[in-house]
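Here is my note on the structure shown below. Please read the points with the model open beside you.

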Amino acid sequence: MAAGKTHDFHILNPSPWPIAMAVAALIFAAGAIGWMHKAAWGPMVFFAGFAFVIAAFYFWWSSVIHEANTGDHTPVVQLHHRYGMILFIASEVMFFVAWFWAFFNAALFPSAQAGIDGVWPPAGVEVLDPFVFPLLNTLILLLSGTTITWAHHALIHGDRKSLKQGLILTILLGMIFSAVQAYEYYHATIPFAGNIYGSTFYMATGFHGFHVIVGTIFLIVCLRRAYKGDFTPTQHFGFEAAAWYWHFVDVVWLFLFITIYVWGSKFGAAVVHNAFG
């Protein structure tokens with residue numbers, strides 16, 4: 001239009017990154033499938049696809065950040081970004097609901113499950129003590145929730161030093177959580193295959209661990225942007241989305257700790273037996 005832009009919406013320019021990401025994801029998936037089927041080319045294609053995915057993420061996110069810094073993310077656009085993030089987190093909630101549903105279905109009605117002889121946890125499964133590493137990780141994530149909130153309030157009040165400090169502490173706590181969970185997995189004797197307990201345990205806690213890693217990367221990107229001078233008290237959706245995601249990860253872990261670890265322990269088995277046995 002000759003008169004220029006007359007609305008608050010962001011009309012996207014043509015971008016190569018969506019199709020580039022689709023191709024990268026296809027190569028990555030093909031390599032993973034080939035590797036699983038022991039094809040000689042599988043590992044090489046897998047890591048090449050992984051590198052392409054990371055590169056596509058980097059350039060795509062850089063493009064979005066450029067749009068934000070040049071004024072394309074108006075208040076109306078930011079509002080719609082928030083709606084999108086809320087819907088995304090809602091979809092993630094339903095993803096975890098599926099694992100909780102599977103776990104409770106087996107825990108409350110073990111007699112209806114094949115291969116576990118009506119016993120919960122299944123006989124021969126050495127469940128983890130919920131009050132050692134799981135409790136430690138619970139405290140770590142609760143603490144990280146306070147540090148990311150501190151960073152958010154610092155940003156709103158223009159305290160960039162505290163913003164960086166809060167982000168650094170949250171990232172470190174996220175890394176410690178992942179390290180503790182890796183140590184726990186390494187020493188766990190719960191079999192993945194053969195019973196519903198191992199399947200639901202590893203799928204629920206493993207996918208949560210993956211979300212922690214994604215959230216940590218999200219916060220690292222925010223920290224880099226903070227050092228570059230991005231984010232203002234009135235425009236910082238990128239940081240806000242990361243904070244929302246991290247709080248979601250915290251809440252999911254609390255439910256996991258209470259159900260998978262506590263209820264799935266010997267203590268939980270006694271409660272289930274007394275209530276439904």
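1. First, a term. Buried means under 20% relative accessible area, exposed means over 50%, and partly exposed lies in between (1.4 Å probe, protein chains only). Lys38 counts as exposed because its relative accessibility is 76%. Lys38 sits in the loop between α1 (17-36) and α2 (42-69). Its phi is positive, about 60 degrees, although Lys38 is not a glycine. Most residues other than glycine have a negative phi.

2. On the source: this is a predicted model, in which local features need pLDDT of at least 70 and side-chain atom pairs count only at pLDDT 80 or more, while totals for chains, interfaces and linings use all residues. Residues are numbered from 1 along each chain as its sequence is written, and side-chain values use heavy atoms, with hydrogens and water left out.

3. The overall picture. The protein has eight helices and zero strands. Helices (H or I, at least four residues) and strands (E, at least two) are DSSP runs, numbered from the N terminus. From the N terminus on, the order reads α-α-α-α-α-α-α-α. The C-alpha trace spans about 75 × 50 × 30 Å along its principal axes. Of the 277 residues, 39% count as buried. Contact here means heavy atoms within 4.5 Å. Among contacts between residues at least 6 apart in sequence, 74% join residues at least 24 apart.

4. Start with the pair α1 and α2. Their axes are 7 Å apart, and the packing angle is about 155 degrees. Axes are lines fitted to C-alpha atoms, for helices over the stretch in contact, and angles run from 0 to 180 degrees between N-to-C directions. α1 and α2 are therefore roughly antiparallel to each other. The cut-offs: under 35 degrees is roughly parallel, over 145 roughly antiparallel, 65 to 115 roughly perpendicular, and the rest oblique. α1 passes α2 in a left-handed crossing. The residues of this contact divide into 20 nonpolar, five polar and no charged. Ala, Val, Leu, Ile, Met, Phe, Trp, Tyr, Cys and Pro count as nonpolar, Asp, Glu, Lys and Arg as charged, and the others, Gly among them, as polar.

5. Now look at α5 (residues 160-187) and α6 (residues 196-228). They pack at an angle of about 155 degrees, with axes 9 Å apart. This pair, α5 and α6, is therefore roughly antiparallel. The crossing of α5 past α6 is left-handed. A crossing is left-handed if the near helix is turned anticlockwise from the far one by less than a right angle, and right-handed if clockwise. By class, the contact of α5 with α6 has 17 nonpolar, nine polar and three charged residues.

6. What makes up the largest nonpolar core? This core has 51 residues, and those with the most contacts inside it are Leu163, Leu167, Tyr197, Phe201 and Phe239. A nonpolar core is a set of buried Ala, Val, Leu, Ile, Met, Phe, Trp, Tyr and Cys residues joined through side-chain atoms within 4.5 Å. α3 (75-108), α4 (133-156), α5, α6 and α7 (237-263) each supply at least two residues of this core. The largest share, 16 residues, comes from α7. Leaving aside neighbours within four places in sequence, Leu163 is in contact with Ala151, Ala154, Leu155, Ala226 and Phe239.

7. Thr147 counts as buried because its relative accessibility is 8%. Not counting residues up to four places away in sequence, Thr147 touches Gly166, Leu169, Thr170 and Leu173.

8. Next, the loop between α6 and α7. Asp230 is placed there. With a relative accessible area of 10%, Asp230 is buried. Its contacts, leaving aside neighbours within four places in sequence, are Ile65, Asn69, Arg160 and Arg225. Phe231 is found in this loop between α6 and α7 too. At 6% relative accessibility, Phe231 counts as buried. Phi of Phe231 is near 75 degrees, a positive value in a residue other than glycine.

9. Last, Ala107 in helix α3. Ala107 counts as buried, at 0% relative accessibility. Ala107 and Pro122 are 15 residues apart in sequence and 9.6 Å apart in space, C-alpha to C-alpha.
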